[in-house]
Amino acid sequence: MDINWGSLGLVFVVALAAAVVLTVLFAYGVRGLAGREVARESGGSGVGQLTGAIVCFAVCAAVVVYGIYLIVA
């Protein structure tokens, strides 16, 4: 049995990068929701923070769905 180390390394790097990006996007989404609450307590609307949070969560969901698609297909 021969292992293609270059391909294995590439899969590792892509998986690590995807995990980091997904974690950061989710953290920004949570931070956006928290920022919205702070803005609303200060008398603002917090629409920008809510919009950013929704975009971050939507991208997270798209990445997860695409990953599941790659596994199933």
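R36 and E37 form a salt bridge in which the closest N and O atoms lie 3.9 Å apart. A salt bridge here is a side-chain nitrogen of Lys or Arg within 4 Å of a carboxyl oxygen of Asp or Glu. By this rule, the count comes to one salt bridge. R36 is partly exposed, because its relative accessibility is 21%, and E37 is likewise partly exposed at 42%. Buried means under 20% relative accessible area, exposed means over 50%, and partly exposed lies in between, with a 1.4 Å probe and protein chains only.

This is a predicted model, in which local features need pLDDT of at least 70 and side-chain atom pairs count only at pLDDT 80 or more, while totals for chains, interfaces and linings use all residues. Residues are numbered from 1 along each chain as its sequence is written, and side-chain values use heavy atoms, with hydrogens and water left out.

The helices come next. Helices are DSSP runs of H or I with at least four residues, strands are runs of E with at least two, and both are numbered from the N terminus. Helix α1 has 37 residues and reaches 54 Å from its first C-alpha to its last, close to the 54 Å expected at 1.5 Å a residue. The expected span is 1.5 Å times one less than the number of residues in the helix. After α1 comes G43, whose phi is positive, near 100°. Helix α2 has 26 residues and spans 37 Å between its first and last C-alpha, close to the expected 38 Å.

How do the two helices meet? The buried residues of α1 are L25, G29, G32, G35 and A39, and they pack against α2. In α2, A53, C56 and C60 are buried, and the buried residues of this helix pack against α1. At 9% relative accessibility, C60 counts as buried. Leaving aside neighbours within four places in sequence, C60 is in contact (heavy atoms within 4.5 Å) with L22, L25 and F26. The C-alpha atoms of C60 and L25 are separated by 6.7 Å, although these residues are 35 residues apart along the chain.

A search of the whole structure finds two aromatic pairs. One of them joins F26 and F57, which are tilted, at 5.3 Å centre to centre with 55° between the planes. Rings of Phe, Tyr and Trp (its six-membered ring) pair if their centres lie within 6.5 Å; planes under 30 degrees apart count as stacked, over 60 as edge-to-face and the rest as tilted. F26 lies in helix α1 (residues 5–41) and F57 in helix α2 (residues 47–72), so that the pair links distant parts of the chain, 31 residues apart. F26 is partly exposed at 47% relative accessibility, and F57 is partly exposed at 27%.

F12, V13, L16, V20, V24 and Y28 form a nonpolar patch with about 610 Å² of accessible area together. V20, which is in helix α1, is partly exposed, with a relative accessible area of 46%. In helix α2, V65 counts as exposed at 56% relative accessibility. The C-alpha atoms of V65 and A27 are separated by 19 Å, and the two residues are 38 residues apart along the chain.

Technical notes: Patches are made of residues with over 30% relative accessible area and no salt bridge: like charges are joined within 9 Å, nonpolar side chains (Val, Leu, Ile, Met, Phe, Trp, Tyr) within 5 Å. Accessible areas come from the Shrake-Rupley method with a 1.4 Å probe; for residues, only the protein chains shown count as cover.
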